[in-house]
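I opened this structure to look up one side chain and its surroundings, then the overall build. My notes follow in the order I checked things.

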Amino acid sequence: MKRIESIQNSLVKHWKKLGTTRKERDKFAEFFVEGFHLTEEALKNKSLVKSLVVREGVDIPEDWDAEDVPVYSVTAAVAKEISETEHSQGIFAHCVQPEFTEDEQQTWSKLLLIDAVQDPGNIGTMIRTASASGMDAVVLGKGCADPFSPKTVRSAQGSHFQIPVVKGELPEWISELKERSIPLFGTALLNATPVHEVESQKQFALIVGNEGSGVDPQLLKETDQNLVVPLYGPAESLNVAVATGILLYSLVSKS
């Protein structure tokens, strides 16, 4: 176990930047997670973990599979410097963002496409919901919050290590899905079918969009069918993450 005592250490500065700047995360294709739960989930996909970081006095649970993973012991001052939470548990994982080959992507037949959703909490919740509902992957288009920011990762509760999350050009993905004859559903308020009137699907892609402006009209022109979640009470709209959960669980085939 290596020991780091100074907040001026170059690795400490890198860890801090991974937590605070998208530029650093994008440049190195890495991210930083904090807390026992997220670190344990990361270790279940150990190939993504570059190292563990533990505050002095904090022990790694014996039942974790942390063999061959470098571990850094840090002072309380260093732990405070790299922490993104008010009451840090003093354990962190330095992770690499996963990459997926074209061959792997060709096997995905149930996809959630997200268009310009800017709130990281909503993005994280949708990633978590996609994992829970049995989707194959999540694709984030332009204008979306960073899927690997600390708030997004916390909201997803470890789902980044369970389901592929990729950034891409949605028009290109839509074109590819059409070539593979995968049904494409959009979400809209006008000229849309109530979701409970649609049969479940063994394969499909669902596009959800920004709460304020919805899915880009150019993308909606490419869909096979647009869906809406009916509102039975006086509320004017649903939170996009809540609506996404209703839509996914309605569409996913139970057989």
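This is a predicted model: local features need pLDDT of at least 70, side-chain atom pairs count only at pLDDT 80 or more; totals for chains, interfaces and linings use all residues.

I then placed the residue. Thr129 sits in helix H6, which runs over residues 120–132.

Is Thr129 buried or exposed? I read a relative accessibility of 15% for Thr129, and because buried means under 20%, Thr129 counts as buried.

Next I listed the contacts of Thr129, leaving out residues up to four places away in sequence. With that limit, Thr129 touches Gly245, Leu248 and Tyr249.

I turned to the whole chain. I counted ten helices and twelve strands in the protein. The radius of gyration is 20 Å, close to the 18 Å that the globule rule gives for 255 residues, so I take the protein to be as compact as a globular protein of that length. Along the principal axes, the C-alpha atoms fill a box of roughly 60 × 40 × 30 Å.

I checked burial for the whole protein as well: 51% of the 255 residues count as buried. The accessible surface is about 12800 Å², and carbon and sulfur atoms hold 47% of that.

For contacts between residues at least 6 apart in sequence, I found that 75% join residues at least 24 apart.

Last, I looked at charge. The protein has 25 positive and 36 negative charges, and their mean positions lie 5 Å apart.

Technical notes. Residues are numbered from 1 along each chain as its sequence is written. Side-chain values use heavy atoms; hydrogens and water are left out. Helices (H or I, at least four residues) and strands (E, at least two) are DSSP runs, numbered from the N terminus. The radius of gyration is taken over C-alpha atoms; the globule rule is 2.2 Å times the number of residues to the power 0.38. Buried means under 20% relative accessible area, exposed over 50%, partly exposed in between (1.4 Å probe, protein chains only). Contact means heavy atoms within 4.5 Å. Accessible areas come from the Shrake-Rupley method with a 1.4 Å probe; for residues, only the protein chains shown count as cover. Lys and Arg count as positive and Asp and Glu as negative; His and the chain ends are not counted. The place of a charge is taken as NZ of Lys, CZ of Arg, CG of Asp or CD of Glu.
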